[in-house]
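Keep the viewer open while you read.

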Amino acid sequence: MSTNPTGAQQAPKMHSYQNRIGGRTGLGILLSLRSLNLRGTISPYLSNCTNLQTLDLSSNSLTGEIPSDLQNLVNLAVLNLSANRLTGEIPPQLALCAYLNVIDLHNNELSGQIPVQLGLLVRLSSFDVSRNRLSGQIPASLGNRTGSNLPKFNATSFEGNKELYGYPLGEMRASQGLSVLAIVMIGLGSGLMSLIVSFTIVCIWLRVCEQKMAAQEEGKMGHYMPEY
């Protein structure tokens, strides 16, 4: 339990309710622990709550990676881990949560590429990975979804990731390609320069040795020549 700036106390919220999922009626659980100043990592034991339909851990100070064990939450529909300090890659195993319709991971420190497997979530209607450290091309199955029944996600879902490109963001900037080329050229130039310097030093050393040997030979010849 924590205290908010107004002085009012906030408590974790867990609600159970009857809900129908995919033609099956069962007990659904909503777990909301948002804005409680939670620290530490996300426990993989949450995956034991197989009836969990909503998991909201947003606006805390959670660190570490997103557990791949969350794939066991087969009834999960809403996953909100936004506004934390989560690192590592987005686990592709989340695609096994077939009922997911909301994934909100914005404002973290996630890296790597967006898993193409997430495009298999046909119920996904809200997707936000903005303001992270993601890189690579946005999967077409998310950025440019085809099919009249599949919602499309605009640029706001992906913005704030400097090395992320592709529709609906722009293509890879030319400066990025040039920077890679520049690094390669600098490496090749440095190697070539080192080779030239080494070759020059060897040539100078051989020349000096040759001059010394010539001087020694001249000295020997002068020693054995008769005097008149």
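## Around Asn108

Leaving out neighbours within four places in sequence, Asn108 is in contact (heavy atoms within 4.5 Å) with Leu81, Ser82, Ala83, Asn84, Arg85, Leu86, Arg131 and Asn132. Before going further, note that this is a predicted model, where local features need pLDDT of at least 70, side-chain atom pairs count only at pLDDT 80 or more, and totals for chains, interfaces and linings use all residues. Numbering runs from 1 along each chain as its sequence is written, and side-chain values use heavy atoms, with hydrogens and water left out.

So where does Asn108 sit in the chain? You'll find Asn108 in the loop between S9 and strand S10 (111–112). Is Asn108 buried or exposed? Asn108 has a relative accessible area of 7%, which means that it counts as buried. The cut-offs are under 20% relative accessible area for buried, over 50% for exposed, and partly exposed in between, using a 1.4 Å probe and protein chains only.

The Asn108 side chain also makes polar contacts with backbone atoms, listed below. A polar contact is a pair of N or O atoms within 3.5 Å; within protein, one must be able to donate a hydrogen and the other to accept it, and residues adjacent in sequence count only if both atoms are side-chain atoms.

| From | To | Distance |
|---|---|---|
| Asn108 side chain | Asn84 backbone nitrogen | 3.2 Å |
| Asn108 side chain | His106 backbone oxygen | 3.4 Å |

Ala83 belongs to the loop between strand S8 (78–80) and strand S9 (102–104).

Ser35 isn't a glycine either, yet its phi is positive, at about 55°. Look for Ser35 in the loop between strand S4 (24–32) and strand S5 (39–40). With 33% relative accessibility, Ser35 counts as partly exposed.

Further along, the peptide bond from Tyr167 to Pro168 is cis, with omega near 10°. Pro168 is in the loop that links strand S13 (163–165) and helix H2 (174–224).

## A parallel sheet

Strands S10, S12 and S13 form, in the order S10-S12-S13, an open sheet of 3 strands with parallel pairing. S10 and S13 are the edge strands, each with a single partner strand, so one side of each has no neighbour in the sheet. Two strands pair if DSSP finds at least two bridges between them.

S12 (residues 133–137) pairs with S13 over 3 bridges. Among them, Gly136 has Leu164 as its partner in S13, and Ser135 has Glu163. S10 and S12 pair over 2 bridges, and Gly112 stands opposite Leu134 in S12.

## The whole chain

Zooming out, the protein chain has 2 helices and 13 strands. Of its 228 residues, 34% are buried. Among contacts with a separation of 6 or more, 49% come from residues 24 or more positions apart. The chain exposes about 14200 Å², with carbon and sulfur atoms supplying 58% of it; these areas come from the Shrake-Rupley method with a 1.4 Å probe.

Terms used
Helix = DSSP H or I, 4+ residues; strand = E, 2+ residues; numbered from the N terminus.
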